[in-house]
Amino acid sequence: MRNGFFKGHGLGNDYIVVDPDELDFRLTPGNIRAVCDRNRGVGSDGILALAPSVAADFGLRIYNPDGSEAEKSGNGLRIFGRYLYAVRKTRRKQFSVETRGGLVRIELHIDRHGEAGAATVGMGRATFAPKALPCALEVAELIEQPIAVGKERFRFTGVSVGNPHCVIFKPRGQAWTREDLLRLGPKLENHRVFPRRTNVQLAVPTGPHEIFILIWERGAGETQASGSSSCAAACAAVRLGLVAPPVRVNAPGGTLHIDVSAGFELTMQGPVAEVARGTLSPSFVRTLRGGKGLGGI
């Protein structure tokens with residue numbers, strides 16, 4: 001379908017999926033912003049684009065709503081898996097996907113309606129090494145490192161799960177607020193410690209196998225859920241001895257189940273839903289072809 005799209009969400013974190021070969025415009029940063037705009041476009045937390053791959057069954061490019069490119073997205077991968085099955089790009093329930101953040105394996109769980117209502121994703125191995133984030137600190141590992149945000153002082157754990165994360169914990173029994181996230185999220189995302197920006201999770205352990213997180217995504221801002229953020233926070237909590245695996249990660253949008261191996265290999269399981277399939281209007285496509293997406297190209 002020319003200029004067609006598929007829209008889905010994982011726990012409220014929504015993405016548009018497209019096949020660039022079926023589009024009459026390029027996925028430039030300005031066009032990505034225009035399509036993702038919730039008032040003037042389709043509206044989403046990002047765009048997932050089918051890509052060629054020689055290393056996996058499918059390739060995937062992941063774009064944030066600000067037009068930048070992300071390395072990996074756990075919710076995005078579940079949505080992408082459902083898309084592939086729904087539009088019959090594959091009838092297999094297990095396949096591999098190559099992302100900029102590494103190769104992953106997806107297993108779809110087909111419900112009684114014949115739809116992929118959930119998926120398990122092998123998210124790869126987490127690392128706490130500064131060079132993997134990248135991070136400006138000269139330390140061996142980013143475990144409980146100090147960071148200043150204005151006059152406030154925190155200790156963060158830096159994790160890469162193919163993309164960078166900054167996790168800050170409060171003790172069990174305390175709580176982060178949305179106001180904390182809106183105040184700290186953008187400052188931490190753009191902190192000088194993270195020269196290429198970072199995703200942010202404000203986390204609290206709530207049980208022996210459970211944590212709660214608020215999420216500020218690089219290039220997207222506040223989100224209701226995030227698969228990679230859930231993986232990062234879960235393995236940070238395990239590394240710090242705050243919880244034991246498997247870990248239930250609760251976020252405002254819902255719950256993901258994360259298993260963390262002894263070597264910090266991560267497996268994520270969670271629901272995925274389809275919202276819509278449609279076609280971009282000819283007039284909107286003409287705007288995109290003319291390079292008049294939000295903020296130019």
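**Close-up 1. Glu 71 and Arg 218, a buried pair.** Glu 71 and Arg 218 are both buried (under 20% relative accessible area; exposed is over 50%, partly exposed in between; 1.4 Å probe, protein chains only). They form a salt bridge, with the closest N and O atoms 2.4 Å apart (a side-chain nitrogen of Lys or Arg within 4 Å of a carboxyl oxygen of Asp or Glu). Glu 71 sits in the loop between β5 (69-70) and α2, and Arg 218 in the loop between β13 (210-217) and β14 (221-223), so the pair ties together parts 147 residues apart in sequence. Helices (H or I, at least four residues) and strands (E, at least two) are DSSP runs, numbered from the N terminus.

This is a predicted model: local features need pLDDT of at least 70, side-chain atom pairs count only at pLDDT 80 or more, and totals for chains, interfaces and linings use all residues. Residues are numbered from 1 along each chain as its sequence is written, and side-chain values use heavy atoms, leaving out hydrogens and water.

**Close-up 2. Lys 89 and Glu 22.** The closest N and O atoms of this salt bridge are 3.7 Å apart. The pair ties together parts 67 residues apart in sequence. Lys 89 is partly exposed at 33%. Glu 22 is partly exposed too, at 25%.

**Close-up 3. Arg 277 and Glu 274.** Their salt bridge has its closest N and O atoms 2.6 Å apart. Arg 277 is partly exposed at 48%, and Glu 274 at 26%.

**Close-up 4. Lys 7 in strand β1 (residues 4-10).** Lys 7 is buried, at 13%. Salt bridges that share partners join Lys 7, Asp 14, Arg 38 and Asp 45 into one network.
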